[in-house]
There are 2 protein chains.
Amino acid sequence: MKQLLIVAHGSRRAASNDEVRVLAAQVAQHLQWSAEQVQVAFLELALPSIATALDDCFKRGVNEVSVLPYFLASGSHVVSDLPREIAAAQAKWPDKTIHLLAHIGAADRMVNLIASACD
Amino acid sequence: MKQLLIVAHGSRRAASNDEVRVLAAQVAQHLQWSAEQVQVAFLELALPSIATALDDCFKRGVNEVSVLPYFLASGSHVVSDLPREIAAAQAKWPDKTIHLLAHIGAADRMVNLIASACD
């Protein structure tokens with residue numbers, strides 16, 4: 001079973017975190033996956049944490065998780081904080097596989113997305 | 001002459017800020033605009049500031065600028081900080097037009113972008 005974990009920064013504004021949750025539901029629908037297969041976690045300021053979200057996935061029998069850093073630029077969160085969190089989770093679950101994907105800002109089609117926003 | 005200003009958060013990592021600058025150059029190319037027509041500014045931690053970037057545009061005769069918040073979720077930066085900066089610039093340049101666009105995370109095609117990232 002495929003599993004995607006979208007990791008966002010997290011905000012003090014509940015509406016901002018909910019925006020990411022809605023997006024995850026839309027992504028699941030787009031991929032024709034179950035809602036459970038596209039989860040959200042937050043680096044800080046909101047829950048669940050990355051550790052908790054990965055624990056939940058592995059406890060329900062998922063063997064492989066793709067983690068998508070929902071960040072636009074490769075700042076210290078992407079370069080240091082996320083890899084550290086993932087390494088800790090991997091050490092806790094040595095028999096499971098965690099794929100840390102490139103941050104969303106590095107996606108080829110981001111250029112098109114920006115260009116279309118100013119049409 | 002059309003003018004886009006991409007406003008990113010800004011990072012202590014120069015490479016992260018450069019990533020946004022490279023993206024702006026790619027957007028200009030994609031839109032077949034000049035490099036000058038797609039500029040970058042940072043909310044904090046990097047330069048130019050939003051105020052400086054808008055000053056520069058208006059001083060060289062641009063009458064209308066579209067500001068794209070390069071943020072994924074509508075946290076306090078998008079909801080409070082950016083509108084405040086834009087209002088201050090608008091007060092300084094009453095004869096110019098500043099369009100504050102929706103943040104990039106609200107783009108319809110973001111769902112597709114995320115879905116394609118985990119293919």
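Predicted model: local features only at pLDDT ≥ 70, side-chain atom pairs only at ≥ 80, totals over all residues.
**Stop 1**

**Stop 2: where the chains meet**

Next, show the contact between the copies. Here 38 residues of chain B are in contact with 38 residues of chain A. To see the side of chain B that touches chain A, select β1 (4-8), α1 (14-31), β3 (64-69), α3 (76-92) and α4 (110-117) of chain B, each of which supplies at least two residues. Which of these elements gives the most? It is α1(B), with nine residues.

Colour this side of chain B by residue type and you will find 23 nonpolar residues, 11 polar ones and four charged ones. The same surface serves both copies, as 100% of the contact residues of chain B recur in chain A.

**Stop 3: helix α4(B)**

Stay with chain B and pick out α4(B). Select Met110(B), Ile114(B) and Ala117(B), which are buried. Look down the helix axis: these buried residues fall within an arc of 60°, so they line one face of α4(B). What do they pack against? Their partners are in chain A: β1 (4-8), α1 (14-31), β3 (64-69) and α4 (110-117).

**Stop 4: the nonpolar core**

The largest nonpolar core has 66 residues, and the ones with the most contacts inside it are Leu5(A), Ile6(A), Leu5(B) and Ile6(B).

Centre the view on Ile6(B). Leaving aside residues up to four places away in sequence, Ile6(B) touches Val20(B), Ala24(B), Val38(B), Val40(B), Leu68(B) and Tyr70(B), and also Ile114(A) from the other chain.

**Stop 5: the paired strands**

Move to chain A and select β1(A). Five of its five residues are buried, so β1(A) is largely enclosed by the rest of the structure. In a regular strand the side chains alternate between the two faces of the sheet. You can follow this by selecting Leu4(A), Ile6(A) and Ala8(A) on one side of β1(A), then Leu5(A) and Val7(A) on the other; all are buried, and both faces are covered.

β1(A) and β2(A) pair in the parallel sense over five bridges, and Ile6(A) stands opposite Val40(A).

Which residue of β2(B) is the bridge partner of Leu5(B)? Select Gln39(B) to see it.

Is β2(B) mostly covered or mostly open? It is mostly covered, with five of its five residues (38-42) buried. Val38(B), Val40(B) and Phe42(B) are buried on one side, and Gln39(B) and Ala41(B) on the other.

**Stop 6**

Most residues other than glycine have a negative phi, and most peptide bonds are trans. The next selections depart from that pattern.

Start with Leu47(A) and Pro48(A), which are joined by a cis peptide bond with omega about 5°. Pro48(A) lies in the loop between β2 (38-42) and α2 (50-59) of chain A. In chain B, a cis peptide bond joins Leu47(B) and Pro48(B), again with omega about 5°, and Pro48(B) is in the loop between β2 and α2 (50-59) of that chain.

Now select Gln32(A). It is not a glycine, yet its phi is positive, about 60°. Find Gln32(A) in the loop between α1 and β2 of chain A. With 8 C-beta neighbours inside 10 Å, Gln32(A) counts as exposed. Gln32(B) also has a positive phi of about 60°, and its place is in the loop between α1 and β2 of chain B. Gln32(B) is exposed too, with 8 other C-beta atoms within 10 Å.

**Last stop: Asp95(B)**

Finish in the loop between α3 and β4 (97-100) of chain B, where you will find Asp95(B). Is Asp95(B) buried or exposed? It is exposed, with 6 other C-beta atoms within 10 Å.

Notes:
Residues numbered from 1 in each chain as written. Chains lettered and ligands numbered in written order. Contact = placed C-beta atoms within 7 Å. Core = buried A, V, L, I, M, F, W, Y, C linked by C-beta atoms within 7 Å. Buried ≥ 20, exposed ≤ 12 C-beta atoms within 10 Å, placed from the backbone. Helix = DSSP H or I, 4+ residues; strand = E, 2+ residues; numbered from the N terminus. Nonpolar A, V, L, I, M, F, W, Y, C, P; charged D, E, K, R; others polar. Arc of directions from axis to C-beta. Pairing = 2+ DSSP bridges.
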